[in-house]
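Here are a few friendly notes to read with the model open beside you. Take the points in order and find each residue as you go.

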Amino acid sequence: MSWLPAAASFSDVEHGVPATTAPRITRRGLVLGGGGIAATLAAAVAVRGLPGHRGSGPTVAKLDPPPATEFRYDDIRSASPYLVDVTNMKVYREEWWVKMGMPELTYWGPEQNDVEGTLLYRFPFGRRMPQIALSATCACHIFGEGQGGEGRGAAALEVSADGLAWTTLADGIEPRQWGVYIGFDDSLPSHLLGHAELWLRVRCLTQDCPNDSYSTAQFGRAGIHQEPVFALTAEEPRRV
């Protein structure tokens, strides 16, 4: 199910209201070739000569990642082999948490304000799958005076079976629901089943955020809670 639970800012101030968003089909004219990055984000930078994916724009995959029926990551950077396009996004690592003796906090977020950042993933299954479950979250924040930060963020999650027709699973950008966590944790709609791959598009937007040591729109935030930050599972087809 899609959800928009109350968000928790870095200063532990609660924002946002629960909501449910019904999936809708959208077309944004984005057509990209298949494939993925090298085994890790660092390797991808070395292979492509990209500046750390800092607002690098569209990329072209050189290697196809292996197909799988389960993708499960405790660190979103581990999903980089299946990342085929990055626009105005970079990986953040919040040093404050490390200095406090806690695990590092990492995530993808926009590099520039007022410019929508996007991540595009393609997950190949190798064969048609009758059931697909997805768990993904974007943590968005909004800061007021005296809350230890600046700016506000919003995000959206979209999926596609072919990279052409998109279904919105959760959206805080179009209604401008700032500072609200958005996510999806359920089986995908029936029209997305029976395909041999799944595309995921993450959209993030920030305003008045420093975008240096932190971002107010975050995808795959990891580091404090010991649980997967992203999971995609495709059920094996039944044998007759």
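**Notes on the strands and the core**

1. Y121 has L200 in strand 14 as its bridge partner. Strands here are DSSP runs (E, at least two residues), numbered from the N terminus. This is a predicted model, in which local features need pLDDT of at least 70, side-chain atom pairs count only at pLDDT 80 or more, and totals for chains, interfaces and linings use all residues. Residues are numbered from 1 along each chain as its sequence is written, and side-chain values use heavy atoms, with hydrogens and water left out.

2. Strand 9 and strand 14 run antiparallel and are joined by 9 bridges; two strands pair if DSSP finds at least two bridges between them. Strand 11 (residues 152-160) also pairs with strand 14 in the antiparallel sense, over 9 bridges. There, R152 stands opposite Q207 of strand 14.

3. Why is strand 14 largely enclosed by the rest of the structure? Because 11 of the 13 residues of strand 14 (residues 195-207) are buried, meaning under 20% relative accessible area (1.4 Å probe, protein chains only).

4. Now look at R122, which lies in strand 9 (residues 117-129). R122 is buried, with a relative accessible area of 16%. Its side chain makes a polar contact of 2.7 Å with that of E197.

5. Y121 turns up again in the largest nonpolar core, which has 41 residues; Y121, L134, F219 and F230 have the most contacts inside it. Beyond its neighbours within four places in sequence, F219 is in contact (heavy atoms within 4.5 Å) with residues including Y121, L200 and F230.

Terms used:
Helix = DSSP H or I, 4+ residues; strand = E, 2+ residues; numbered from the N terminus. Buried < 20%, exposed > 50% of the residue type's maximum accessible area, 1.4 Å probe, protein only. Polar contact = N/O pair within 3.5 Å; in protein donor to acceptor, adjacent residues only side chain to side chain. Core = buried A, V, L, I, M, F, W, Y, C linked by side-chain atoms within 4.5 Å.
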